[in-house]
Structure formats: structure tokens, C-alpha cells
Amino acid sequence: MNCFRAIALSLSLFLMGLVGPIQAQLQMNYYANTCPNAEKIVQDFVSNHISNAPSLAAALLRMHFHDCFVRGCDGSLLINSTSGNAERDATPNLTVRGFGFIGAIKAVLEAQCPGIVSCADIIALASRDAVVFTGGPNWNVPTGRRDGRISNASEALANIPPPTSNFTNLQTLFANQGLDLKDLVLLSGAHTIGVSHCSSFTNRLYNFTGRGDQDPALDSEYAANLKSRKCPSLNDNTTIVEMDPGSRKTFDLSYYQLVLKRRGLFQSDSALTTNPTTLSNINRILTGSVESFFSEFAKSMEKMGRINVKTGSAGVVRRQCAVANS
């Protein structure tokens, strides 16, 4: 009899374990009852400011990506550290922008609904809205993410795919987050907007294998132009360069066209052509319409926005996005 009770108890606990995560999943309009205007507040704030700073769309999209790849989409990228070892102190995040913008949105939400809307959800919503307001794709952003309180520079360095990645590294780092090769190609398409610093790719121009050479996978004419007009030395850490020259403000297919012409700015862009599956995906995207790309990109963004999210009691709602214990 005790054996049957033990089995019943085990089964009950197992079922509770199944039900718990299901109940705690993200959902559309999560704040409908607790802060009904939350999503409109974010949207209005982005709408009122994006015209003065359209480059924020790419910056916020990058922030969302970098946040989700470390401990899941939990806003931990926003945390300041007095010792300089938080995620935002790691090399991949030194050029991330938009911290003040997210903080300003948070302040407005705190005035309306104190302690309700998480910093993680603000990043997810604001990045989507910024892209939409600049003419890019729209995607669903289910909400209910909770914030984390742990932020380590070493984890950011280990998990965020660097621009120097080869295909194997990209595949591994994306797979670690539950993202497949199709997601890799689609999310790389975000490089159709925004800029980069020379330091992210000058090794391809001046010291690819450590012998003062140039990356042979980079179009020689494009490389010569970058050297003469953009990044005159290996040590240039300040100059910014368009990732999608001539089209950096437009969310379109030109990024993929440039990648096939060997004019992708990063080694990680070029790496997409070295695998038959990712190369096939690029060609398939280019034979379709921009609308089809938008639709597929939207699905991958929603998928990315669900990476290892904290919900319910698994996380908190930080009152100040930059402060771990606020």
C-alpha cells in the first residue's frame, strides 16, 4: 500500500511539474489587467523618439539579441556592476547602445504601474516597435518575462557569437539557444540595418591569419575601399561603417545579396556561404519577396524572444533596470 501511495505521490508531483511551466508561459497582452496601457506606453515612447534617432532600431535589436543569448531574455544585460564584470562590461557589449532609452521607458512605466513591467519585456517590446517604426517587419511579442539578477561578463563573452565566428562556432552558439540554421540565416538578416565599428572586422583587412594578410573570402575591391575610405589601420576603434552599404536604414534583402557577392562585412556573414544549408536558405530568401522574408524573420524573432525566459517566481521585476537588487 505504501508503494502505491509513493507512486501516486510521484505521479502527482510529476504532473504538477508539467502544469507549472505551462501556466507560467509567456502570453499576449500579459499586462492587460495589471498595467493595461503598458504596451501602448512603450510604443508611444518609441514613436515619439525614433524619428530623432532612427539608428536606435538596429541598436535595440542588437541589445535584445545579446540579452537573450546570455541567461535567456531576462534583462541581465542592463545591469551595472561596480566591479566592472557585468554582461555590459564584456567585449561584445561595449558598443551596445540604448541603455538610457530603455531606462527612460522603464521610468515612465514605473510612474504608471510600479513594480509591474519587467525590463526584459521592455527590451523585447521596444526593439520590435523601433524596427516597425522604421519600416521593418512586425512580430508578436508575448510578454510575462521576469528579470534576472545575475550578470557576468564571462558568460557574455562565452555565449554571444562574435563577428569573427566561423560556421562551426555560429552553429554551436545558436544551437545552444535552441535556434537552428534557418534561424541563424534569418536573424543574421538584421544586419540589413545599422552600423559597426572598424574593430569588429579590421582583422579581415589587415591581419586575418596573424601574418598581416587579408581574408581571401572578402571581395578585394570592397576590401580596398574599406581600407582607403573607412578603416585605414588595424587599430581604428572609433570609425563606424554601414553593415549594408547604401541601404542601412532600410530593412530589405540587400544584405543577403551582398553576402553572396562576398561583401558581407563580418567573417560571420561570410561564414553563412560556407555551409550548403545556410547557403541554400540565403538563395531561397532572395528568390522570394521582402514580405516573405519579413514573415520568416518575425517567426525567428518570436522564437528568440522565448529563449530561457524566466516567468512567475523564477525571476523578479527590477524597479531600476540598471540595478540588480532594485
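Is Val70 buried or exposed? Val70 is buried, with a relative accessible area of 0%. Keep in mind that this is a predicted model. Here's a quick tour, starting with the positions that a UniProt record flags as a binding site, then moving on to a helix pair, H3 and H5, and a handful of individual residues.

**The annotated binding site**

- The feature "binding site" comes from an unreviewed UniProt entry, which puts it at Asp67, Val70, Gly72, Asp74, Ser76 and Glu87.
- Those positions are spread over 21 residues of sequence, yet they cluster in space, with a largest C-alpha distance of 12.5 Å.
- Val70 sits in the loop between H3 and helix H4 (99-112).
- Setting aside residues up to four places away in sequence, Val70 touches Ser76, Glu87, Glu155, Ala156, Asn159 and Ile160. Ser76 and Glu87 are also on the UniProt list.
- Asp74 is in the loop between H3 and H4 as well, and Asp74 is buried, with a relative accessible area of 0%.
- What does Asp74 touch, not counting residues up to four places away in sequence? The contacts are Asp67, Ala120, Arg146, Asp147, Gly148, Lys310 and Arg318.
- The side chains of Asp74 and Ser76 are joined by a polar contact of 2.6 Å, and UniProt names both of these residues in the binding site.

**Helices H3 and H5**

- Two packed helices are described by the angle between their axes and the distance between the axes.
- For helix H3 (residues 56-68) and helix H5 (residues 119-133), the axes come within 8 Å and cross at roughly 145 degrees.
- The crossing of H3 past H5 is left-handed.
- On the H3 side, the contact is made by Ala57, Leu60, Leu61, Met63, His64 and Asp67. On the H5 side, the partners are Ile123, Ala124, Ala126, Ser127, Ala130 and Val131.
- Sorted by class, the contact of H3 with H5 has nine nonpolar, two polar and one charged residues.
- Asp67 turns up in two places here: in the contact of H3 with H5 and in the UniProt binding site.

**A closer look at Ser127**

- Ser127 lies in helix H5, and at 0% relative accessibility Ser127 counts as buried.
- Not counting residues up to four places away in sequence, Ser127 touches Leu60, Leu61, His64 and Trp139. Leu60, Leu61 and His64 belong to the H3 side of the helix contact.
- The Ser127 side chain also reaches the backbone oxygen of Ala124, at 3.1 Å.

**Two buried aspartates elsewhere**

- Asp183 lies in helix H8 (residues 181-188) and is buried, with a relative accessible area of 5%.
- A polar contact of 2.7 Å joins the side chain of Asp183 to that of Lys303.
- Lys303 is also on the contact list of Asp183, together with Phe174, Ser188 and Ser300, not counting residues up to four places away in sequence.
- Asp215 is found in the loop between helix H9 (202-206) and helix H10 (220-230). At 4% relative accessibility, Asp215 counts as buried.
- Leaving aside neighbours within four places in sequence, Asp215 is in contact with Arg204 and Phe208.
- Asp215 and Ala124 are 35 Å apart in space, C-alpha to C-alpha, and 91 residues apart in sequence.

**Asparagines with positive phi**

- Asn29 has a phi near 55 degrees, a positive value in a residue other than glycine.
- Asn29 is found in the loop between helix H1 (2-23) and helix H2 (38-50), and is partly exposed, with a relative accessible area of 48%.
- Asn308 has a positive phi too, near 45 degrees, and is again a residue other than glycine.
- Where does Asn308 lie? Asn308 is in the segment after helix H14 (290-304).
- Asn308 counts as exposed because its relative accessibility is 52%, and the cut-off for exposed is over 50%.

Terms used. Residues numbered from 1 in each chain as written. Predicted model: local features only at pLDDT ≥ 70, side-chain atom pairs only at ≥ 80, totals over all residues. Heavy atoms only, no water. Axes fitted to C-alpha atoms, helices over the stretch in contact; angles between N-to-C directions. Helix = DSSP H or I, 4+ residues; strand = E, 2+ residues; numbered from the N terminus. Left-handed = near helix turned anticlockwise from the far one by under 90°. Contact = heavy atoms within 4.5 Å. Nonpolar A, V, L, I, M, F, W, Y, C, P; charged D, E, K, R; others polar. UniProt positions renumbered as here; feature names shortened; annotations may be inferred. Buried < 20%, exposed > 50% of the residue type's maximum accessible area, 1.4 Å probe, protein only. Polar contact = N/O pair within 3.5 Å; in protein donor to acceptor, adjacent residues only side chain to side chain.
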